[in-house]
Amino acid sequence: MADRFLDVSDPLALRALAHPLRVRLLRLVREHRPVTNAELAALVGESTANVSYHLSVLARHGFVEPDPTPGATRRHKPWRTTYDRMRMHSAGVGTTPLESPGGGALAALLADDRATQDAYLAAPSAPEGTAQDAAVFQISRLVLDAARAEELATEVSTLLDRYRRDAGPDPDEALFAVSFVAVPVVEEVHR
C-alpha cells in the first residue's frame, strides 16, 4: 500500500480531533484496522451509538473512512484511517501551540500518549527478557534548524515503517506504543 499522507490545517477538522474519545478511537482504528464500531465500542467501553457518532465526525473531517474490505455483515462495516502519516499545521506566529486551532487536538493526542506511558509505569513488572519487559527510553537534546528537524522526522518515520505491520502480536511479542515528539526547548526564565 502506498504511503498516504494527511496534512491537516482546517480549524474545524483540528477542533473535531480535540475530543479525547475521538483521539482514542483514531488510535485504535490505526492499531486494529480494519475494525468495526462494535469492536471499538468494546475496546473503549462506550455504546456503539456513541462510537458511531464520533466515527462519523472523524469521517466528515477526513480522518477515517469505511474499509473497502467487506465486513461480516452489512451492519458490521469496518473502518480504517485515511492516512499513514498525519501532520497538523495550526500555530500562527506569536501564538502558543495551545492557543492555535490545533491546540486542543495536540493536547488530546499528547494526553492519550501520556496515558499509555502512565499505564506502563503503573503495571506490574514483567519477567526479564520478555517483550513486556523491553521498554526503551531515550531522551535527547539536539541542535537543529527547520530543515534538519524535518529530515530527522522523515528518517524516524522511515525507520518506524520498517517495523510496522498490521497483524497483532504473536504470543512472545507485545504491542509497543512508540512516540516521536521533537519540540524546540523553551528555556525557563530564572529569577
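Colleague: What does the chain average in pLDDT, and which element has the highest confidence?

Modeller: The model is predicted, and 92% of the residues score at least 70. The chain averages a pLDDT of 86. Confidence is lowest in strand 5 (residues 85–88), at a mean of 82. The highest value, 96, belongs to helix 4 (residues 48–60).

Colleague: In what order do the 3 strands of the open sheet lie, and which are the edge strands?

Modeller: The pairing in this open sheet is antiparallel, and the order of the strands is 2-4-3. An edge strand pairs on one side only, and this applies to strand 2 (35–36) and strand 3 (64–66).

Colleague: Over how many bridges do strand 3 and strand 4 pair, and which residue is the bridge partner of Glu65?

Modeller: Strands of a sheet pair through backbone hydrogen bonds, either parallel or antiparallel. Strand 3 and strand 4 (residues 78–81) take the antiparallel sense, over 3 bridges. Within strand 4, the residue bridged to Glu65 is Arg80.

Colleague: Which helix packs on the sheet, and what angle does its direction make with that of strand 4?

Modeller: The helix that packs there is helix 2 (residues 20–32), which touches strand 2, strand 3 and strand 4. Its direction and that of strand 4 make an angle of about 100°.

Colleague: Which residues make the contact of helix 2 with helix 4, and how do they divide into nonpolar, polar and charged?

Modeller: Helix 2 contributes Leu21, Arg22, Leu25, Leu26 and Val29. From helix 4 come Asn50, Val51, Tyr53, His54, Leu55, Val57 and Leu58. The residues of this contact divide into 9 nonpolar, 2 polar and 1 charged.

Colleague: Where is Pro34 placed, and is the peptide bond from Arg33 to Pro34 cis or trans?

Modeller: Pro34 lies in the loop between helix 2 and strand 2. The bond leading from Arg33 to Pro34 has omega near -15°. Its form is cis.

How values were computed: Residues numbered from 1 in each chain as written. Predicted model: local features only at pLDDT ≥ 70, side-chain atom pairs only at ≥ 80, totals over all residues. Heavy atoms only, no water. Pairing = 2+ DSSP bridges. Helix = DSSP H or I, 4+ residues; strand = E, 2+ residues; numbered from the N terminus. Contact = heavy atoms within 4.5 Å. Axes fitted to C-alpha atoms, helices over the stretch in contact; angles between N-to-C directions. pLDDT = per-residue confidence, 0-100. Nonpolar A, V, L, I, M, F, W, Y, C, P; charged D, E, K, R; others polar.
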